[in-house]
Amino acid sequence: MNPPAASDNCARWGVYEVELRGPAEGNPFTEVDLAAVFDDGEREMRVGGFYDGDGIYRVRFMPDAEGHWTFTTASNAPALDGVTGEFTCTPPAPGAHGPVRADGFHFAHGDGTRYLPVGTTAYAWTHQVQRLRDQTRRTLAAGPFNKVRMCLLPKWYQYNHEEPELYPFPGSVEEGWDTTRFDPAFFRRFEDEVAALQDLGIEADVILLHPYDRWGFADLGAEADDRLIRYTVRRLAAYANVWWSMANEYDMMGAKTEDDWERLAAVVSEEDPHGHLNSIHNCGPFYDYAEPWITHASIQRQDAYRTAEFTDEWRERWGKPVVIDECAYEGDIDQGWGNISGEELTRRCWEGAVRGGYVAHGETYLNDAEELWWSKGGELVGTSPARMGFLREVIAASPAGVLDPLPSHWDARTGGVAGEYEVTYLGFSRPRFRHHPLPEGRRWAVDVIDTWNMTVERVADHAEGTLRVSLPGREYMAIRIIAET
């Protein structure tokens, strides 16, 4: 009998891990099958296991219900087959609310707690040296972001031309990669950073594939792609803070067809018993976000100027949450996607918010070390992050905890909860006053919000009819009305 190394307890939405010793000869990555069935007396959940090197096999599971659980393994290796165990799922750890789910046009955690994504992009931060990874975590801990887009695989692109310390497969560019085997050290580092983000209350939006490489990882072929995705999902799916992104700029990966993406998405669905969020990110043309496996739209800009302005249209088209993960980055590099101001990025975030969507951050300020946040992480120097945190507070103050698009004037969009909480964003307009009609049948408190200076000024209480709202003649102002009880 092969007694498992496993705990007697696991918090709800924690990672319960079963460790087993098994065969190390041959190629355990391809020759040994391992799975376990977890049972709480009401349902069974099958979880695939994986080989972690040195004769060690693991099965990871995220229990989502408190109480008594049992498990039984199944394997073609006798040492791993028929192993049983049990544990108690205890209440969740403080601050743990479960994996994020799509909730209509918005998001909520497993326990129903509202989740408002304030996202950023740091594509290759997990592939950097320890100094930079530590610095990135410190920056995230001190900032407003609760979601990070990050690539599973190393990236080779502008301002990111260093070889990583670890690779997913044994081998080299010169000698070739053995894609039938994995380097567990590579995946341990990545999952350690996913776990560190979870401790910070930050979602890890894991980009499984991307076109920017020099190692051949973007064109491994169908069998190797399937093995990579299956292995990755089995290692990571038990972490509550994981989101899947099938690809960054999928349409730049010309070797893959829509059939390939559908097949790979099916692998994710098969191997993720916890049903994490999943999407796919475009460069030019959209993927069909109506596909049932896609939980939300993950969008790149569609125009040099306008992207957030299409948010409400995209909501209607797909009936799902709209996350504009890239609308251009705050920075000063030579590329048009990486040199908008903090003011302009903040404006796009607000424009998307009052239309019922979520616009994310990225930063590409050039420095002598070429350590740009968008690629390597490190430090943030831009001005938009604090403003995005302020926007999150304004959204969260809504009675519903979200903003939905409301009937609007031609020159200023309004979002909120009809008849209760309405925010009208003036954007680049800079009037000295505005005649603001108030919905009938209620009295209203009226605030002027300076979205750049992050101030809220109460200008009226018990207001009715049409109110003349005095404004400072500056850009980036908003008018908020709150129904009085």
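This is a predicted model: local features need pLDDT of at least 70, side-chain atom pairs count only at pLDDT 80 or more; totals for chains, interfaces and linings use all residues.
Trainee: Which strands does β6 pair with, and in what sense?
Mentor: Two strands pair if DSSP finds at least two bridges between them; strands (E, at least two residues) and helices (H or I, at least four) are DSSP runs numbered from the N terminus. Here β6 (residues 67-75) runs antiparallel to β3 (residues 34-39) over 6 bridges, with Leu34 opposite Ser75. β6 also pairs with β7 (residues 84-90), again antiparallel over 6 bridges, and His68 sits opposite Thr88.

Trainee: How many salt bridges are there in the whole structure?
Mentor: A salt bridge is a Lys or Arg side-chain nitrogen within 4 Å of an Asp or Glu carboxyl oxygen. The search finds 42. One of them joins Arg60 and Glu191 at 2.9 Å, N to O. Arg60 is in strand β5 and Glu191 in helix α3, 131 residues apart.

Trainee: Is Arg60 buried or exposed?
Mentor: Buried means under 20% relative accessible area, exposed over 50%, partly exposed in between (1.4 Å probe, protein chains only). Arg60 is buried at 6%, and Glu191 is buried at 3%. By contrast, Arg317 bridges to Glu313 at 3.1 Å; Arg317 is partly exposed at 44%, as is Glu313 at 41%.

Key:
Residues are numbered from 1 along each chain as its sequence is written. Side-chain values use heavy atoms; hydrogens and water are left out.
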